[in-house]
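Trainee: I would like to go through the labels attached to this model and ask what each one rests on.
Mentor: Go ahead, and set each value against its cut-off.

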Amino acid sequence: MESSKKNLCEIHRGDGRRRRALAASLLATAVFAAIIALALFLVYRPAKPQATVARAGVYRLVSAAAANGTNSSAATPYALSATVQFTLLLHNPSDRTAVVYDRLLAYVTYRGEMVAPPAQLPLVLQDPGADVAMSPLLGGDGGAPVPVSADAVDALHADCVAGRVQLRLVVMGRVRYRSGPFKSAWRDLYVRCDAILGLTVQAAAGGGGAGDVPLLEYPKCAVDA
């Protein structure tokens, strides 16, 4: 009887040692897997693109009433007619990750109000460490009028008289990162670039000086991706 109890105790001790060994083995495997995952993340983690505006062209940016030769005070609702073009440079800072841009829309705002309808841009594939240039013509050749507030119309005229007009280029869409064997889910892309332009009244009306305009300050861009 006493011998049987000793055998049972030894069996239980043996089972306990095996369970502890199995638990230690599983823990070591989990730690090793976590270390490998962290190393892969640090090597292949994507870096969001960087943006800047390299060039600006303004072919028309006036009130729709002025463009049609009518009295602005009688024009209701107020509207602006714009044909503008920015060259946006997107830089991929990662040497290991490629970027895919899709469903891109670009538009321009003045004092928080859209002045050119959104334009669709084609899908873009960007290699690691590469630069991509986009130069959409916004507003089209005719510069279809876009409704704005009366304050925006008055402010634009005053800014053109001063020769200093700030426009914001906005690009929206989605991005996906490809790093070696890994591919991320689609993420929302939101790019904002504020550019201060040396734009005169004559150039804004499509007269002398229309086209490329100087960037008075280095454009400030922000990218969410």
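Mentor: Start with a term: a polar contact is a pair of N or O atoms within 3.5 Å, and within protein one must be able to donate a hydrogen and the other to accept it. Keep in mind that this is a predicted model.

Trainee: What makes the pair Gln126 and Tyr101 a polar contact?
Mentor: The side chains of Gln126 and Tyr101 make the contact at 2.5 Å, and the limit is 3.5 Å, so the pair counts. A polar atom of the Gln126 side chain also lies 2.9 Å from the backbone oxygen of Ala130.

Trainee: Where does Gln126 lie, and is Gln126 buried or exposed?
Mentor: Gln126 lies in strand S5, residues 124–126. Its relative accessible area is 1%, and buried means under 20%, so Gln126 is buried.

Trainee: Which residues does Gln126 touch, not counting those up to four places away in sequence?
Mentor: Gln126 touches Leu90, His91, Asn92, Ala98, Val99, Tyr101, Asp131 and Val132.

Trainee: Why is the disulfide of Cys193 and Cys221 called right-handed?
Mentor: The torsion about the S-S bond is about 115 degrees, so the disulfide is right-handed.

Trainee: What accessibility class does each of Cys193 and Cys221 fall into?
Mentor: Cys193 has 1% relative accessibility and counts as buried. Cys221 has 26%; that value lies between the 20% and 50% limits, so Cys221 is partly exposed. Cys160, at 5%, counts as buried.

Trainee: What makes Asp102 and Arg174 a salt bridge?
Mentor: The closest N and O atoms of Asp102 and Arg174 are 3.0 Å apart, and the limit is 4 Å, so the pair is a salt bridge. Asp102 lies in strand S3 (residues 97–110) and Arg174 in strand S9 (residues 165–179), so the bridge ties together parts that are 72 residues apart in sequence.

Trainee: How many salt bridges does the structure hold?
Mentor: The structure holds six salt bridges. Among them is Arg111 with Asp159, whose closest N and O atoms are 3.3 Å apart. Arg111 lies in the loop between S3 and strand S4 (113–121) and Asp159 in helix H3 (residues 150–162), so this pair ties together parts that are 48 residues apart in sequence. Arg111 is exposed at 56%, whereas Asp159 is buried at 15%.

Trainee: How do you know that Arg164 and Glu217 form a salt bridge?
Mentor: Their closest N and O atoms are 2.5 Å apart, which is within the 4 Å limit, so the label holds. Arg164 lies in the loop between H3 and S9 and Glu217 in the loop between strand S12 (211–212) and S13, so the pair ties together parts that are 53 residues apart in sequence. Arg164 is partly exposed at 40%, and Glu217 is partly exposed at 36%.

Trainee: Why is Thr109 called buried?
Mentor: Its relative accessible area is 11%, and the limit is 20%, so Thr109 is buried. Thr109 lies in strand S3 and touches Met114, Val115, Leu167 and Arg168, not counting residues up to four places away in sequence.

Trainee: Which residues make the nonpolar surface patch?
Mentor: Leu27, Val31 and Ile35 make a patch of about 290 Å². Ile35 lies in helix H1, residues 2–44.

Definitions and conventions
Residues numbered from 1 in each chain as written. Predicted model: local features only at pLDDT ≥ 70, side-chain atom pairs only at ≥ 80, totals over all residues. Heavy atoms only, no water. Disulfide = S-S within 2.5 Å. Buried < 20%, exposed > 50% of the residue type's maximum accessible area, 1.4 Å probe, protein only. Patch = residues over 30% accessible without salt bridge, like charges linked within 9 Å, V, L, I, M, F, W, Y side chains within 5 Å. Areas by Shrake-Rupley, 256 points an atom, 1.4 Å probe, with all protein chains shown as cover. Salt bridge = Lys/Arg side-chain N within 4 Å of Asp/Glu carboxyl O. Helix = DSSP H or I, 4+ residues; strand = E, 2+ residues; numbered from the N terminus. Contact = heavy atoms within 4.5 Å.
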